[in-house]
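Dear colleague,

Please find the structure below. My notes on a few of its residues follow.

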Amino acid sequence: MPLLSPTDMNNTAGKKQVKIIDRINRKSPFYSVEFFPPRDRENWPDFFKVVDSLSAINPLFASVTYGAGGGTRDNTLDITATLAEKGHIPMAHLTCVGATREYIREYLNCLAEKGVSNILALRGDPPAGQNIRWEDGEFVHASDLVEFVHREFPDFGIAVAAYPTPHPQSASFADDRRYTQKKLDAGADFAITQLFFDYREYFEFSAQLRAIGMTKPVIPGVLPILSLESIRRVLSLSGCNIPAKLYLSIEEANQKGGVEAVKEAGIAFAVDQIKKLLDNGAPGIHLYTLNKAETCLRIVEAVGRL
Ligand code: FAD
């Protein structure tokens, strides 16, 4: 099934393709932002208002997630295309679990047609309820996707995911770091980390990668805590660690002042975390915006000039 009808394809051929890594090399430190595509298109006008508000922080690039197994691939395509039209540098997340080379080739051609030339190359997880065995697929690990894109689509910029708290399926810390490095060696330009809450985990992780040959930027991903429920959900999905002291303080804020108090505590924590990351040499900050402009704007304002 074609992703786009011919009439959908606005002629972006010949548009200048920008690799994000070239921007990172020119401008550091920086903010980048991550969005998820609202499922219902009737909510897109409000979503793009959030995007417009966040233009105030001058993000170096804007990434858009991809539904597990490609469930919302057209949304990712259309939103990244609109971001490109609005003058942002978009990065489309792309998972390869269960995908064929032909499917990936077609999707990348559609992205390129729409002026999107940067991807976050992911393995992904099989969608809930579908029993895909990724070991049997044409792509088994994210490194396979990186290799493929690097070889067949050399004009694309490629980022990969990295895990300061090791990926839940990694057999050991050492394996996790080795396979992260493998993705970078296969042709990725830089990595973006999974969320974490102890800034020292990021620096320890970077040092472990450098010790095995990593020379590329690793951008820390920062998620503001907005509510006790959301942080519980995020922790269970990501498998990352949270310092006990932080978790207890969030619980206490919730008991004393409810959602508003948790949000204030979450913003204060994110501001402190970002300052420590930047003060100690992180090249930039990738903000998991959760499609909320106000929180991110407050955080960036409180951090102050980069
Ligand atoms: P891989 O790099 O393939 O790693 C997966 C596991 O396999 C790891 O344990 C790794 O150590 C191991 N491994 C890797 N290579 C080998 C090898 N050669 N031999 C043996 N073991 C190996 N998911 C989505 O569905 N959509 C998104 O938009 C999305 N965006 C994300 C953005 C970021 C910044 C991050 C950090 C994650 C994102 N994810 C997203 C989640 C991601 O898809 C899952 O974490 C997934 O389980 C792993 O994907 P990966 O690309 O890291 O896989």
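Helices (H or I, at least four residues) and strands (E, at least two) are DSSP runs, numbered from the N terminus. This is a predicted model, in which local features need pLDDT of at least 70, side-chain atom pairs count only at pLDDT 80 or more, and totals for chains, interfaces and linings use all residues. Residues are numbered from 1 along each chain as its sequence is written, and side-chain values use heavy atoms, with hydrogens and water left out.

Backbone

Between helix H2 (44–54) and strand E2 (62–64) there is a loop that holds Asn58. Asn58 is not a glycine, yet its phi is positive, near 50 degrees.

Leu290 is another residue other than glycine with a positive phi, here near 55 degrees. Its place is the loop between strand E9 (285–288) and helix H10 (293–303). Leu290 has a relative accessible area of 30% and is therefore partly exposed; buried means under 20% relative accessible area, exposed over 50%, and partly exposed in between (1.4 Å probe, protein chains only).

The peptide bond joining Ser28 and Pro29 is cis, with omega about 5 degrees. Pro29 sits in the loop that runs between helix H1 (20–26) and strand E1 (31–35).

His167

The loop between strand E5 (157–162) and helix H6 (173–185) contains His167. His167 counts as buried because its relative accessibility is 18%. Which residues is His167 in contact with, leaving aside its neighbours within four places in sequence? They are Arg123 and Asp176, where contact means heavy atoms within 4.5 Å.

Regards
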